[in-house]
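Here are my notes on the model you sent over. Have it open as you read, and check each point against the coordinates.

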Amino acid sequence: HFLSSSSPLNPQFLLLPRQSARLRVLLSIPVSAMSSSSSSSSRGALAAAAVPSLSADEAGAAADEAFLRYTSPSMRRSGGGGVAIVWFRNDLRVLDNEAVVRAWAASDAVLPVYCVDPRISAGSTHYFGFPKTGALRAQFLIECLEDLKRNLTKQGLDLLIRHGKPEDILPSIAKAVTAHTVYAHKETCSEELLVEHLVRKGLEQVVIPQGGASNQKKPRNPKLQLIWGATLYHVDDLPFSVNNLPDVYTQFRKAVESKSSVRNCSKLPPSLGPPPGSGLDEIGGWGTVPTLESLGLSMTKAEKGMHFVGGESAALGRVHEYFWKKDQLKVYKETRNGMLGPDYSTKFSPWLASGSLSPRYICEEVKRYEKQRIANDSTYWVLFELIWRDYFRFISAKYGNSIFHLGGPRNVESKWSQDQALFESWRDGRTGYPLIDANMKELLATGFMSNRGRQIVCSFLVRDMGIDWRMGAEWFETCLLDYDPASNYGNWTYGAGVGNDPREDRYFSIPKQAKTYDPDGEYVAYWLPELRSIAKERRNFPGASYIKQVVPLKFDGGHQKRDQQFNRQRRPGHMYRRQK
């Protein structure tokens, strides 16, 4: 993410090469190449599990039912007239998308637009030059766009897709269709804010003639109307300003739970059409959804782990499957720390990050489940985790670029290593610690890692290896399906002990974590098949039967007294907060 001009880059931050050929190959390695065996694991077949596991018809039916419940036949346009553009960004959904509904209400015709921005699709991360978007997330976003296009078509519209920068594309489209307003969701981090600024400046250069007799109406510029819609609680409903946001999550949560309320999902009219009747031919028609090949990427289909299906229909299908079909919501709090299989947690985070799923819709489904089935700690805990997601979004607004800086929001001074060989052993899953290696191989193969796994690998990188936390954060930025800057960097600053809340010091002991969360070594044996022949109780610490450990653990048994010198060097940190 862009840093402010007052924070010049120190050359020592740039020790890694810019996107080596080996790194490009790594990002498209087939899962089979990561394993020395393709025999079945102790938990069953290696075949990748689709999330959701519903058929396309089942997911479509669940989505249709949700759309039906949120459609209001009595909705009418407000008579604004003209053409409004909806600029889709990280809000790739139709249901509970206020930008869409506001554009429809204020116009006679709506033009949905998505810009394939090369800074995102082909750019590099800020400090270390990793690919900004890995192939797995790119494929997921392609599926999101395909589904968005289908759902808009069902609503009487379509999706215009253009390759290029939004600040170049949107003004030219607005001019061609004589749009009076561009509606979009507001973001909080610097790269996205810069694009908003540039789009607004570009629109100011466009002059739209007004109808009627000459000189009766002066020409005007299209306006950029930004709408808050990514969080459970609306920013305007917080009991404090963003600048006065508490630096402790619990204080934030208690305040919003007691003093704020979650707004209802927005309703949809029976049809969002029509699109503009003229101007589209002038700009080359609707365009097509990109392919991996057109983005210069390639991917081999995973043979194991989880395969997330992109798009709003899949997202609504997953909510239906997890809450209603499999009835897993009632045990979420008990199972959420699992690591193997699709149903130990909701797995909503990739769709939340792409905006294919509204957090308010999840909240309303939780409330509906509580009325129809059961209300317990597990049903509440899903909302608890959504509030954590809100918190990091608001923290990013409060602290700006400091969440990307080495010292974090509190400007903590610590000595970090940027040892490339050590980092690559972590990145590639070659540390000699099966629990670390299995998690990193899962990330590389699927674009996902459990909440528990994220906490463990973060702690190992920054506390056992002493590696610059930003290297881990930028690698996650490349790989994660559920990447969003606020959650990713917010979590990493906490894990590195440089976050806004200095109170907790969390070191994740690998022996303790393995014993608690993978006692039979099923998870590590799944991702590291060479361990399957080893006795279950030895799989996480197989000794000479596995590769050599690259570093010793700071606390190797979980019972030693804390190394006081280590604690002085590494400021207090915090657990890596959950992505659902």
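1. Overall picture. Keep in mind that this is a predicted model. The protein chain has 21 helices and seven strands. Of its 580 residues, 61% are buried. Contacts reach across the sequence too: among those between residues at least 6 apart, 83% join residues at least 24 apart.

2. α8 against α13. Helix α8 covers residues 249-259 and helix α13 residues 377-399, and their axes come within 10 Å, crossing at roughly 110°. Angles of 65 to 115 degrees count as roughly perpendicular, and α8 and α13 are therefore roughly perpendicular to each other. The crossing of these two helices is right-handed. On the α8 side, the contact is made by Y249, F252, R253, V256 and E257, while α13 brings in Y380, F384, I387, W388, D390, Y391 and F394. By class, the residues of this contact are nine nonpolar and three charged, with no polar ones.

3. α15 against α16. The other packing I'd look at pairs helix α15 (residues 434-446) with helix α16 (residues 451-464), at an angle of about 115° and with the axes 10 Å apart. Here the crossing is left-handed. L435, I436, N439 and M440 of α15 meet G453, I456, V457 and F460 of α16. This contact has six nonpolar and two polar residues, and no charged ones.

4. Salt bridges, starting with R69 and E365. The whole structure holds 30 salt bridges, and I've picked a few to go through. R69 pairs with E365, with 3.4 Å between the closest N and O atoms. This bridge links distant parts of the chain: R69 belongs to helix α2 (residues 56-69) and E365 to helix α12 (residues 359-372), 296 residues apart. How accessible are the two partners, R69 and E365? R69 counts as partly exposed because its relative accessibility is 27%, whereas E365, at 2%, counts as buried.

5. E191 with K132. The side chains of these two residues also form a salt bridge, 3.3 Å from N to O. E191 sits in helix α7 (residues 190-204), and K132 in the loop between α4 (118-121) and α5 (135-154); the two are 59 residues apart, so to speak a link between distant parts of the chain. Buried or exposed, E191 and K132? E191 is buried, with a relative accessible area of 13%, and K132 counts as buried at 7% relative accessibility.

6. K186 with E196. Helix α7 turns up again here, through E196. The salt bridge between the side chains of K186 and E196 has an N to O distance of 3.2 Å. K186 lies in the loop between β5 (179-185) and α7, so the bridge ties together parts that are 10 residues apart in sequence. K186 counts as partly exposed, at 32% relative accessibility, while E196 counts as buried at 4%. As for networks, salt bridges that share partners join E65, R69, E365 and R368 into one.

7. Helix α17. How many of the residues of α17 are buried? In this helix (residues 469-479) it is 11 of the 11, so α17 is largely enclosed by the rest of the structure. The buried residues of α17 include R470, E474 and E477, and also W469, W475 and F476.

8. A59 is found in helix α2. It is buried, with a relative accessible area of 8%. The C-alpha atoms of A59 and G317 are separated by 4.3 Å, although the two residues are 258 apart along the chain. What does A59 touch, not counting residues up to four places away in sequence? The answer is L54, S313 and G317.

Definitions and conventions: Residues are numbered from 1 along each chain as its sequence is written. This is a predicted model: local features need pLDDT of at least 70, side-chain atom pairs count only at pLDDT 80 or more; totals for chains, interfaces and linings use all residues. Side-chain values use heavy atoms; hydrogens and water are left out. Axes are lines fitted to C-alpha atoms, for helices over the stretch in contact, and angles run from 0 to 180 degrees between N-to-C directions. Helices (H or I, at least four residues) and strands (E, at least two) are DSSP runs, numbered from the N terminus. Angles under 35 degrees count as roughly parallel, over 145 as roughly antiparallel, 65 to 115 as roughly perpendicular and the rest as oblique. A crossing is left-handed if the near helix is turned anticlockwise from the far one by less than a right angle, and right-handed if clockwise. Contact means heavy atoms within 4.5 Å. Ala, Val, Leu, Ile, Met, Phe, Trp, Tyr, Cys and Pro count as nonpolar, Asp, Glu, Lys and Arg as charged, and the others, Gly among them, as polar. A salt bridge is a side-chain nitrogen of Lys or Arg within 4 Å of a carboxyl oxygen of Asp or Glu. Buried means under 20% relative accessible area, exposed over 50%, partly exposed in between (1.4 Å probe, protein chains only).
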